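Here are my notes on this one, as promised. Have the viewer open while you read, and go through the points in any order you like.

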Amino acid sequence: VFEADCERIVSQLENCVITVPEENRFFLQVDCEQISRNVLSKRAKNFSTDLLSPELLAGQEAFAYTGDRDFGHTCAGWESIVKLGFFGLRQWVADYAANAPAEKQAFYDGLLRVWDGVLSFLRRAAEVARECGKKEMAEGLLHLAERPPETLYEAMQTILVYYCLQMAFDGTVLRTLGRLDSLLYPFYEKDKDNMIGILRERDF
């Protein structure tokens, strides 16, 4: 099941439709719902046949419960995510994999495939943003594919991108963005002189 889920996520990252709404400053809009629906339907037939039981349909149609959408609310480890970024999280997994016993290697191999897919997705998203004239967004995404966030903008971008990755690709409901004041203040303190200059240039 885990291997199938890893392959599903990588497929979504490689094939999702990416658009750039004009009002978006930090990240794009992705659409992989049809891909996910097709794959999850196949997964249910193979591993979770109870989800397709006719006895459950009446309750779903009456909105008595929506277990496929509302179960599994989570809180991500935002401190590690913002500190390490996507590149750092991939390296973190690689470090564990290097010392993992043989029986756990398949698990780490699956995780590394997903994180490699994430980094490739960031580069693809950056190219779409560049083509749409979103230079700041594109540069930020490229940086996040190569290193941890360094600026306030990149830290905010990291949070939004991770939220999208977990909600749209992993399919696990993420209900909090963490303590944004604590997470972002170090980046603000480091970057505030630069931010003040940018705001003055834009007459804010």
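**Notes on the helix packing and a few residues**

1. Start with His 73: neighbours within four places in sequence aside, this histidine is in contact with Val 173 and Arg 175 (contact means heavy atoms within 4.5 Å). His 73 sits in the loop between helix H4 (67-70) and H5. With a relative accessibility of 46%, His 73 counts as partly exposed; the scale runs from buried (under 20% relative accessible area) through partly exposed (in between) to exposed (over 50%), using a 1.4 Å probe and protein chains only. Thr 176 is 103 residues away from His 73 in sequence, yet their C-alpha atoms are 9.2 Å apart.

2. Some ground rules before going on. This is a predicted model, where local features need pLDDT of at least 70 and side-chain atom pairs count only at pLDDT 80 or more, while totals for chains, interfaces and linings use all residues. Residues are numbered from 1 along each chain as its sequence is written, and side-chain values use heavy atoms, with hydrogens and water left out.

3. The overall layout: the protein has nine helices and two strands, and along the sequence they follow the pattern α-β-β-α-α-α-α-α-α-α-α. Helices here are DSSP runs of H or I with at least four residues, strands are runs of E with at least two, and both are numbered from the N terminus. Of the 204 residues, 38% are buried. Take the contacts between residues at least 6 apart in sequence, and 67% of them join residues at least 24 apart.

4. Now H1 against H8. Two packed helices are described by the angle between their axes and the distance between the axes. For helix H1 (residues 2-15) and helix H8 (residues 152-170), the axes come within 10 Å and cross at roughly 110°, which makes H1 roughly perpendicular to H8. The axes are lines fitted to C-alpha atoms, for helices over the stretch in contact, and the angles run from 0 to 180 degrees between N-to-C directions. As for the wording, under 35 degrees is roughly parallel, over 145 roughly antiparallel, 65 to 115 roughly perpendicular, and the rest oblique.

5. Staying with that pair, H1 passes H8 in a right-handed crossing. A crossing is right-handed if the near helix is turned clockwise from the far one by less than a right angle, and left-handed if anticlockwise. H1 brings Arg 8, Ile 9, Gln 12 and Leu 13 to the contact, and H8 brings Leu 165, Ala 168, Phe 169 and Asp 170. By class, that gives five nonpolar, one polar and two charged residues. Ala, Val, Leu, Ile, Met, Phe, Trp, Tyr, Cys and Pro count as nonpolar, Asp, Glu, Lys and Arg as charged, and the others, Gly among them, as polar.

6. Is Arg 8 buried or exposed? At 6% relative accessibility, Arg 8 counts as buried. This arginine belongs to helix H1, and its C-alpha lies 8.8 Å from that of Asp 170, which is 162 residues away along the chain.

7. Next, H5 and H6. The axes of helix H5 (residues 78-98) and helix H6 (residues 105-131) come within 10 Å and cross at roughly 160°, so H5 is roughly antiparallel to H6. Their crossing is left-handed. Among the residues that meet there are Phe 86, Phe 87 and Arg 90 in H5 and Tyr 108, Trp 115 and Asp 116 in H6. The whole contact divides into 14 nonpolar, one polar and two charged residues.

8. H6 also packs with helix H7 (residues 135-144): the axes come within 8 Å and cross at roughly 165°. H6 and H7 are therefore roughly antiparallel to each other, and their crossing is left-handed. Residues that meet include Leu 119, Leu 122 and Arg 123 in H6 and Met 137, Leu 141 and Leu 142 in H7. This contact has ten nonpolar, no polar and two charged residues.

9. Arg 123, in helix H6, counts as partly exposed at 38% relative accessibility. Beyond its neighbours within four places in sequence, Arg 123 is in contact with Leu 142 and Ala 145.

10. Last, the cysteines. A search of the whole structure turns up zero disulfides (a disulfide being a pair of cysteine sulfur atoms within 2.5 Å). Cys 6 counts as buried at 3% relative accessibility, whereas Cys 132 counts as partly exposed at 44%.
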